[in-house]
Structure formats: C-alpha cells, structure tokens
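Let's take a walk through this model together, starting with its aromatic rings and ending at one of its sheets.

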Amino acid sequence: MLAGRTELTGLFVEKPKSVVAITGKDVTFVVKVDSTNLTRKPTMKWLKGKWMDLGSKAGKHIQLKESYDRNTKIYTYEMKIVKVVQGDAGGYRCEVSAKDKCDSCTFEITVEAAEQEEQADILSAFKRADAGEDEGELDFSALLKAKPEPELEIDVWELLKSAHPSEYEKIAFQYGITDLRGMLKRLKKMKVVEPKVSEAFLRRLESAYSVNKGKKIVLSVEVTDPNAEAKWLKNGQEIKPSAKYIMESNGNIRTLTINKCSLADDAAYECVVGTDKCFTEVFVKEPPVTITKLLDDYQVVVGERVEFEIEVSEEGAHVIWMFEDQELSRDDKNSKYRFKKDGKRHCLIIQEATIEDSGMYFVYTNGALTSCLIKQAMFKCEVSDEKVTGKWFKDGVEVKASDRIKISHVGRIHRLTIDDVKPGDAGDYTFVPDGYALSLSAKLNFLDPPKIHLDVAGNMVSQNTIIVVAGNKLRLDVEITGEPAPTVCWMKGDKVHAEGRVRVENRKDLSCFVIEGAEREDEGNYTITVTNPAGEDKANLFIKIVDVPDPPENVKCTGVGEDCATIIWEPPKFDGGAPLKGYLMERKKKGSSRWTKLNFDVYETTTYEAKRMIEGILYEMRVFAVNGIGISAPSLNSKPFMPIAPTSEPTKLIVDDVTDTTCSLKWLAPEKIGAGGLDGYIIEFCKEGGESSAGIIWLGDIWHPANTDLVDRQSYTVRNLPTGEKMNFRVVAVNVAGRSPPALLEQPVTVREIMEHPKIRLPRELRTKYIKRVGEKINLVIPFQGKPRPVATWLKDGQPVDEKKVGIRNSNVDSILFIRSAEREHSGKYTLILKIENMEDSANIDIRIVDKPGPPTQVHVTDVWGFNAALEWKPPKDDGNCEITGYTIQKADKKTQEWFTVYEHNRRTNCTVSDLVIGNEYMFRVYSENLCGLSEDPCMSKNTAIVAKTGLEHKQASYKEKDMNCAPKFTAPLVDRSVTIGYSMAISCAVRGWPKPKIIWMKNKMIIGDDPKFLMQNNQGVLTLNIRKPSTFDSGKYSCKAVNDLGEDVVECKLEIKGNLQVH
C-alpha cells in the first residue's frame, strides 16, 4: 500500500520472528529501526492480516511501547500480547514509514493449547444467535454438543484477490461471507491509486478497513495544522456527532470512532480538511452462521425413509450436505436425495435407504460442521440332526435374511444374527424346524442404560453453570437416551419441579426444563435424575440468575469550583450477579426535566469531577451502575449544588494610619466576585522573625487573624500590636466557595506613631462667606490631618460655641459643625482651632443666615406731568441680613383697584411711571427684594397721582397715495451651473413688478409643464427651479420669464450635467 508513494528501503535493524505461543502465556515482539538517514521520526504500524491496525486495539491485552537511543539513533518498538488466546493466531505485519521511505516485514503467531486448559466459558456457548443482549430465549443447544475447534483468522480480501472466480462461492461459504456480490463489486472498484502529496495531511486514511458486526472501529488521520477543523462524511453526507459517531481532536490527530458497527455502517468514508480530502471504505463482516440443532445418528431398515434435520442461527443461510467425501448436489435430477428448507430448519431426505447409504453424513455452514453415523444380537439353537432345516419367526412373522439379518445353518447349529441392533428388533424370536411340531423360542429385550447427554456428566462435585438474565425465559433441552424409556426427575434441593412457572416438559428422548420469567429466587443447584431398569444417571446444573445491578446510593456533591463539581457515591448493594463494569453519570439543571449524559464509556471509580458547568446555576446529578447484563435504574437525585468559585484577591491594599498599637488598612473590592457573592473580609497579620514581646510569642510566617467575624466594610483597624515591631498584613475575601487569594502589602509596616503637624484642609466653598436661608440645614465637614489625634475646638465671634444651639462632632480625620434649622442668630464668624501639644492651626468660616427683607419706607409721589408720575422711597429698615438687590413697583387705578407691575428689580429708590391715562387717579406700592425674594408686605404711597385733562387738538397730515405699478424686472439673474449627474440641484433668480407677474420656466425655449422631476417655487419674488437627480438629458439652456399687464422680462442660464454616477 505504501509502495505507490514511497521508496522501499531497508530500515529495519532487527525484525520480529514467527513464534509458537502457548495459550495463557505472554509473547513479545521487538523491532528496531535505524533513523540515521531519516529527516523525521518514523511512523510504526502493527497490523494483523491486511488492514486491522493494532494501534486502535492497544490496551490490557495488546501493549505497544516505543523508545529511542540518542547515541545510536535507533528506535525500538515493542508489541506485547498478554495471555495469548486462540484468536491471536494468524499473520501479522509491521510497517515503518518516514516521509519518502518505508519498509515492512511479516511474521506469524501459532497458538497451541496448554497441557491443562481452563474450562471454557459456558456462557459463551449459549449466546443468542439473532437477538440483543437482553432479548429472547437463551439457546443451550451448543452446551449439549461438542464445541468446534476455533479457526485461525484468515484475510478474506487477500483470498478473493488471488482466487479464481470459480472459487468465489466456495470461499464465501467457508469464511461466512453473506454479501458476496457486494464484496465482489467493491473488490472490482479497489484500485491502486497513486496518492498525491497532501499539504493538509501528514498521515491519510488507509484504503480500506474491516470490522466485525457489533464491534468498534477507529478511523484516524494526522493533519499538519493542529488548529485545522476536520469534517467526516459517510457516502458523501456529513456525519453529526452522536453516541454512535464520536469525533475527537488531539493535537494533530483527528479520529472518528464508530461504536457498535452494523451493516448500515458498511460504506465509503472521507475526511475533509479545508479543500483536501482522503477516502477509505469500511467493510462490516457478519458473524458466522452456526448450527444450533445438530444431526442425530440413525439406524434404519433398507427401504425406509430417512430424514436428517438441523437448525442454523440465521434464516436463509446456505448449507452444504456431504456424504463421506462427496458433496450432495441439488442440481442432479436423478439424485435420490431431496433437500428441504423451512426458515432456520434444513432437511436432507432419503426416500428409500439402501446398504450403500450407510456411512458418515456431514453438514457445512460458513461457521460450523455437524455429522452423524448410519450392536449385534445372535440366536443359536442346536438340533439333533444336521439335515434338519427350519425357519425363524419374530412375533409370528417369518424373518427373512438381509444385509443386516443373517441366517446360517452349519451342521446341527442354526444361527440368526442381527447386526446394528435397534430398539425395533426387540420381540419374541422362534425357530420352527421343518416337519416337526416343535419350536424353540427366545425373547430379545433391547435394554440401554439411561444417559444424560451433557458435555460434563454430573455428580455432586462437578457442576455446569448456566447463566440466565432475570426476566428472560430459560428453556434447557436435555437429550435423554435409554431403553426402556427412562423416567426423568428435576429437583432443586428437596423440591421437585413438574409444572408451573418452573416446570419440566418431557418428550421422547428429550427433557425440557423451562423457567418462565427468571427471578433471583430461581438461582441454585438443580439435579436431573434419569432411571430405567438398566440403571440410573444424574447430572448437576447450577443456574445463576444475573440481572442489572441496583442503583448506586448516596450520590452527593463534596466540592465545587467555578465551573466544576466533585461527585461521590456508594456502589449498589446488589451487583446483579455479574461484576460491575462501571458507572454512567447524568446531570440537569434544577427545575428542568432534561438530563445530559456526562460520559459514554463506563467510569470505573465512585468519584467523578463534572466539568463545563455554568457558575451560579443549581444542578442535580444521578448515577447508573453498569454490569455485563445492562444498566441499572437511576439513583436518587443528589441534593442541588451550585458551581461557584472564590473571588479574586482584594485590590489596592494600603495603610491608612499607624499608631503605637494600631494599624488602619484600606482596600477596594475584588475585581471578580462571581455568582457566589462576597460575604466579607478576613484581615491577617504576622511578624517578621520569631521573637517574643509583651508575653506573646510571634512565629514568623504564621498568620494570625485580626478579626473573628467577617468584616463587611473595606477598611479595618488592627489593634493591640507590639510597638516598634515590623508587621506584615494581608486581606482575604470570603464567600461560600471559600477564601480568595490574599492581597498582601508590598512592605512590612513599623508599628510606631509618627508626629505630624495639625493642618486644616478647609473646603473651597467655605473660604468665602457661607450663606444659608433661615430654616435650612447646615452640615459643615472640615477635614484635617495631624498625628497624634489633634484636639478640635470651635469658637463663634471669639467665644466658645453654645453646643445647645450648634452640634459639634469630632473624629480622627475631620470635624463636623451641624445646625438642624438655621436662624439669623446663628450668623457670625466661626473659628476651628486644632492643637497637638504646643502645635496649633486654625481656620475661620463666615456664616450668614439670610431672610426676606422688610418693606421700603416713605413711598410718595413727588411729581406728575403729562402722562407721567415720579415716585421716591427709602430702603427698608430690615434688609434680611443681606444686600437689597432691587425693588418691584406696582400701580393701580383707584376706580378698578387692580394692581399692575410697572418695574421689577429696580435698583434705585426712585422711578418714573409712564403711560398713565388722562383723567385717572393712580395709587402706587413698592416691594423690596434680596437674595431670599420679595418682602412679605409692600409699602403703599402716601399720596396719589392725578393725571389732569388738557385741551388737545389733533391735526391730521395730508397723505398722497404712491403709484406702485411697474413692469416686471429681474433684480437677480440666473447663473450658469455645472453639476454632477445624479445629485439634485436648484437654480434661482429674483423679480419685482406690480401687478404680481406670471412666472414661466422654460428649457431650451420649451415651457416646462407639470413634470414631477421639476419643482417651481415663488417666495416673495424669489424664484427657484428644483431639478431632482438630473441626468445628461437635463443639460441645456434654462430661462425664466415674468409677464404682467405692463410688460415682461426674461433671464437665461446654461446648465451642464457632467460625470458618471459611481455607486459604491
């Protein structure tokens, strides 16, 4: 296969040799390859037959090893077969390849039986032929007959390739090929193709693979790019991942695993990587057809009809009948043999048997062979005269001589000899001499001791074990021989079974033991006893009832991570009578009914780490136990658990303050908190070294918790620290998943208070006058610094603050002045004084509490003239503790008493009120205004303003109407334009004239009508023509004409459309 693309060279330094192995022993093969002239590591394959790659079979039975000697540059490959079995016999091949070079060698393994072989597995002798593992009745016919010897594994494809077409059918018969026609079609298509050099594949698929039905096969390729994606196709259709088709990617290796191969998997497969492909074919071989009911031996009389009958495991199977070494043909019309087939039953019928028909008959299928073989009684009497003749009678019927019955007369002795005595020969035999009224009688009794036909005739020591799956039907047919017909008794202990669910059905030469729906209570030792006058025989059987195991118990979660959880459980109390293979796990989200499988291959231990879960979601788990019979019911669901992870470490841990015995720390929350949330923080400290101080022994590198309860805030003061010592501090975040990684200070902290001058950091807004309205709340926070803690004192206007009126609160870092409801008496100059021993700092704050002002005073009218009146007033006596910003003046007609505002925000203390009505008397009032608003009450004017009536005469000026009529005239002409095709544009001009002129737009002196492409507008004499998305056809000379009764006027312009519209 490799010769088509590589060069055959001698790469082997040491080759494996053919061996004769003993069953149950280990055998090892060693191959050494010289890599001196190789540019890359060689690839070694161990093959059995033509295509079976043993690399996919590596495990406990077949172990593959590889080593490399750097000095000699020799690769050593070993294949060890542990405990050789008969199935390991056959031809093997090892194949080494490296880029453009390859080499191969072959060897054989011959397996011989050990001197004392272990008893064969009885269970394998009665496996069902055509049903699933847990279906149908068990077939024990193979247990009651001798087992055929296993055959060596033969490469059928090589035989078909090298055989003559006339031998195809014989090979198919011999090696169990059920679809010969399909195999021949594929054999014809198989051609040696020169493989092209592939950039995507380092190792391509083999040309063909062979696998037995129901087994697993692995297709594997090696790609050049470890990140490349591979697609698998079956008969041109893409394969989707499932429990049957498992696709795996491991580095450069891409594999497709097909579980439980069926005939539907017999197809062409291909692997696609990018645009490169590689192909192969998978051939699924059916198991051989076996004979489930064997031939019986017959003894017949010449001329009788003989019918041989067998049953096979598959319907429609082809069988060959043979007599001695001669095949019995169906095609011979003159043949005395007839062949009959009914489902699984096959019969050979001889209508009239002859002496020539005696001998050995054989039946062949592609997986089995059976055969059958087709005593002598002699009566002797002596008469007085040798000349006396006579006749022999059986039960009154004269006996005639034949090939089997011989009558002789020698002297006075008369003999009757019967060869191959049969039960039908039993009876009364009489010799009657001729001419005499005498007779001699003797009785032939056919006595055959009873015998139970099992592989191992039983006694109380050796037992046969029969395994039955619970719930299935057991039918055990035991062949019984003996003459006369023996009586059969089945017993379990002292209990005799005759009828019911567990019953015995007796037929001629057959005893059937039946268990309907096997239960665990049916397990035990059974004894079959057969008796007749000739003797007795016994056989012991142990019937073992196997079942699926009980479900596992106590499934629970013992630990969680961010996306994983550790699950443990206890094995089932009852393993079903068969060893546990492992467990299957499923999980689901709480509240959901959809279970997800976590493993497809059984898991052997009782601890499992479930991965790829979503943090913060509640999950439930259940476990199934698996044995050789099947899968148990699911266990009870585990208690719900949630995958969560500890938070990340706190961030930006700093030292906020240090005293002689304390250290204050600050930090920020972790960047990643997760679904587990954050419960709090633990602060820990340790001292460098291991000295003792103040009766306390400090151990280096041992962290001591500073808090017993979790801290919610992001600051903490560690107290009772030894003065002058260097301490390390760290902070750990805690949630339900545990502790986070610690946040550690970069350097140790010396526990000693540092003297710092007091300093007040007065906020910017307090450095100027601080103004608040009456009734408002005052809360001033004045930060400061200084160590040790400064003493803060407040003064108002040089006197201590009355704490009954003003609230004062001091802390280590600030001082708070608090007034719940400000009054005007709270106004003043406040002073904050900080003192540390003989050091001092102070700051002044000017607080002013303001209110609405009082009304102005002495409002009066100072003068009235024409329609005007002059007012004056004086500022209010109470300015509300802030500057007066203005005045509001209102007037009212004394008749209507309705007030109207004349001026607002008037800054002066006088004003002039205009637009008074002649003959009316007016009153005035004034409001004062400051930062808080207008005064509550106004000040009324002490006097009024009366506007007197005077003699007035209106002289109307003469008016001459102007003639506005004029001819149209354009005041702004049209302008030539050049625009790009596809872009909307407009041309404009302006015209005057009266009466209003009629506007006419023209293109190339043709009037533009109601074309929707053009929009004409006239706005106060400004004329606009809009052209929507012009094309080259819209180029030309445009004119606008204005016409009225007095004349007309025209303006023109040229429009050019250029360029091509490019669409991006």
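**Rings, charges and a sheet**

The structure holds 16 aromatic pairs. Here, rings of Phe, Tyr and Trp (its six-membered ring) pair if their centres lie within 6.5 Å; planes under 30 degrees apart count as stacked, over 60 as edge-to-face and the rest as tilted. Trp-490 and Phe-513 are a stacked pair, because their ring centres are 4.7 Å apart and their planes stand at 15°. This pair joins distant parts of the chain: Trp-490 belongs to strand β38 (residues 487-492) and Phe-513 to strand β41 (residues 510-515), 23 residues apart. Helices (H or I, at least four residues) and strands (E, at least two) are DSSP runs, numbered from the N terminus.

Before going on, a word on the model itself. It is predicted: local features need pLDDT of at least 70 and side-chain atom pairs count only at pLDDT 80 or more, while totals for chains, interfaces and linings use all residues. Residues are numbered from 1 along each chain as its sequence is written, and side-chain values use heavy atoms, with hydrogens and water left out.

Buried means under 20% relative accessible area, exposed over 50%, and partly exposed in between (1.4 Å probe, protein chains only).

Now turn to Tyr-603 and Tyr-608. Their ring centres are 5.0 Å apart and their planes stand at 85°, so this pair is edge-to-face. Tyr-603 is partly exposed, with a relative accessible area of 28%, whereas Tyr-608 counts as buried at 14%. Elsewhere, ring pairs link Phe-29, Trp-46, Tyr-92 and Phe-107 into a cluster.

Arg-622 lies over the face of Trp-595, at 4.1 Å from the ring centre, and the charged end of Arg-925 sits over the ring of Trp-899, 4.3 Å from its centre. The criterion is that NZ of Lys or CZ of Arg is within 6 Å of the ring centre and within 35 degrees of the ring normal.

Our last stop is an open sheet of four strands, in the order β20-β21-β25-β24, with antiparallel pairing. Its edge strands, β20 (291-293) and β24 (337-342), each pair on one side only. Two strands pair if DSSP finds at least two bridges between them. β24 and β25 (residues 345-350) pair in the antiparallel sense over six bridges, and Asp-342 stands opposite Arg-345 in β25.
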